[in-house]
Amino acid sequence: MYNNKPLSTPASLISKASKITVLCASIALVAACGKTIKPEEHKPTKLVQLEQAINVVEPVFQTSISDRSKLADVNRFEVGFDGKQLVVASGAGKVQSYGLNGQTLWSVDLKEDIVGAVAFDSTSQTAVVTTKSARVVALDTNNGQVKWENKISGTVLAPALIHNNRVILSANDGIMHGLSLQSGQSIWQFATQTPSISVRGSAKPTLLDNQTALMGGADGRLHAVEIESGIPKWNRRVGIPSGASEIQRMTDVDGTPTVDKGQLLAVSYSGQLMSADLASGQITFLQEAASKNSLAVTDTAVITTTLDGIVKAFDRRTGELLWENEALAYRQLSNPELIGNYIAVGDLEGVVHFLSPQDGRIVSRTQTKGPIVKLTSQGGYLLTQTKSGQVSVWRLVR
């Protein structure tokens with residue numbers, strides 16, 4: 001279906017991508033020498049009071065989990081949720097479960113910093129987290145007891161994908177792992193190229209189809225791998241390296257790719273938003289957008305939050321820019337997430353903004369505590385866990 005040749009990229013896109021600097025102060029860059037390179041800093045845009053704000057969501061409950069970990073600034077923790085039960089983890093090593101009424105169901109301390117969480121599979125009643133020392137730990141969601149654990153080659157800073165009796169993880173050393181869901185035994189490994197400098201983090205694996213996992217890597221490529229065996233099916237370059245410095249040439253695909261109605265959508269740190277038709281393998285459009293977050297997709301549009309805090313919507317058929325909102329510039333935005341008929345975006349001050357998908361206007365806001373790096377919606381609920389350990393659940397107003 002796909003070949004491994006680089007995409008043909010318009011000269012204007014390469015020219016503009018070469019000017020992309022590191023605009024998001026929260027991104028930690030890891031160099032081969034082990035030193036941290038500080039990104040350029042910008043003052044966050046001040047929020048303007050909304051006129052005639054509407055009620056989009058109502059609070060269900062909030063709780064705070066202790067977090068003494070120094071790694072909390074790079075964690076992209078997700079709230080595990082099956083519609084009735086939540087499972088959350090703290091960087092300090094604690095995993096807890098709550099009911100929607102806020103009641104604590106169970107709590108367990110793994111005695112080590114957690115860096116990737118939470119993958120939640122309601123069918124097998126399993127929650128999976130990863131630790132600083134590259135341990136993968138599977139917990140029984142009924143009682144929090146450890147089902148199994150395994151130590152792999154590198155740390156995993158994104159939640160796992162649990163599917164077809166496999167736990168699939170993308171480690172920071174460029175190696176992808178397929179473990180047995182029942183025992184944690186290593187079934188397969190798949191190595192990708194790792195550049196000398198990259199964004200600290202990785203994309204959560206996602207499903208391409210029932211037998212195939214799709215993973216983005218620091219090499220700027222999407223890799224399609226057979227879930228059961230780990231046999232690679234194809235790979236496709238998304239990030240195009242450009243610019244004079246190593247920082248400008250980073251191509252990480254850190255946002256989880258999106259597969260919807262036969263269309264593959266992905267965005268890279270170096271500034272390319274790609275759409276491909278899965279049936280033909282052809283690129284349908286390539287647009288300019290630099291992001292480390294996953295995308296939101298409606299029937300007609302694909303929405304992204306850029307490194308400099310711009311929310312952009314593109315026509316998902318042609319790639320034409322439909323609208324952009326600069327009111328949240330440099331506010332270190334989370335991923336955009338669809339909730340009801342709105343687009344939710346979180347920021348560095350714990351504010352969740354709700355935008356109209358028609359024109360990008362901010363129509364409502366709600367508040368939690370601490371910087372938001374990931375929003376998740378499911379079944380009419382919106383969930384987040386901030387860097388400071390605040391867990392918040394809202395329900396869509398009907």
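Biologist: How many bridges join strand 26 to strand 27, and do they run parallel or antiparallel?

Modeller: Strands of a sheet pair through backbone hydrogen bonds, in either a parallel or an antiparallel manner. In this predicted model, strand 26 (residues 301-305) is joined to strand 27 (residues 311-315) by 5 bridges, and the two run antiparallel. Val302 stands opposite Phe314 in strand 27, while Thr305 has Val311 as its bridge partner.

Biologist: What do strand 26 and strand 27 form, and how many residues lie between them?

Modeller: They form a hairpin with 5 residues between them. In the turn, Gly309 has a positive phi of about 85°.

Biologist: How many bridges join strand 25 to strand 26?

Modeller: Strand 25 (residues 296-297) is joined to strand 26 by 2 bridges, again in an antiparallel arrangement. Ala296 has Ile303 of strand 26 as its bridge partner, and a hairpin of 3 residues connects the two strands.

Biologist: In what order do the strands form the open sheet, and which of them stand at the edges?

Modeller: The open sheet consists of 4 strands in the order 25-26-27-28, with antiparallel pairing. Strand 25 and strand 28 (321-325) each have a single partner strand and therefore stand at the edges, where one side of each is left without a neighbour in the sheet.

Biologist: Turning to the rings, how many aromatic pairs are counted?

Modeller: Ring planes under 30 degrees apart count as stacked, over 60 as edge-to-face, and the rest as tilted. The count here comes to 2 aromatic pairs. Phe61 and Tyr98 form a tilted pair, at 6.0 Å centre to centre with 45° between the planes. Because Phe61 lies in strand 3 (residues 57-64) and Tyr98 in strand 6 (residues 94-99), this pair ties together parts that are 37 residues apart in sequence. Phe61 and Tyr98 are both buried.

Biologist: Why is the pair of Phe81 and Tyr381 edge-to-face?

Modeller: The planes of Phe81 and Tyr381 stand at 70°, with ring centres 5.5 Å apart, so the pair is edge-to-face. Phe81 lies in strand 4 (residues 80-81) and Tyr381 in strand 34 (residues 381-386), so the pair ties together parts that are 300 residues apart in sequence. Phe81 counts as buried at 7% relative accessibility, and Tyr381 is buried with a relative accessible area of 14%.

Note on methods:
Residues are numbered from 1 along each chain as its sequence is written. This is a predicted model: local features need pLDDT of at least 70, side-chain atom pairs count only at pLDDT 80 or more; totals for chains, interfaces and linings use all residues. Side-chain values use heavy atoms; hydrogens and water are left out. Buried means under 20% relative accessible area, exposed over 50%, partly exposed in between (1.4 Å probe, protein chains only). Two strands pair if DSSP finds at least two bridges between them. Rings of Phe, Tyr and Trp (its six-membered ring) pair if their centres lie within 6.5 Å; planes under 30 degrees apart count as stacked, over 60 as edge-to-face and the rest as tilted.
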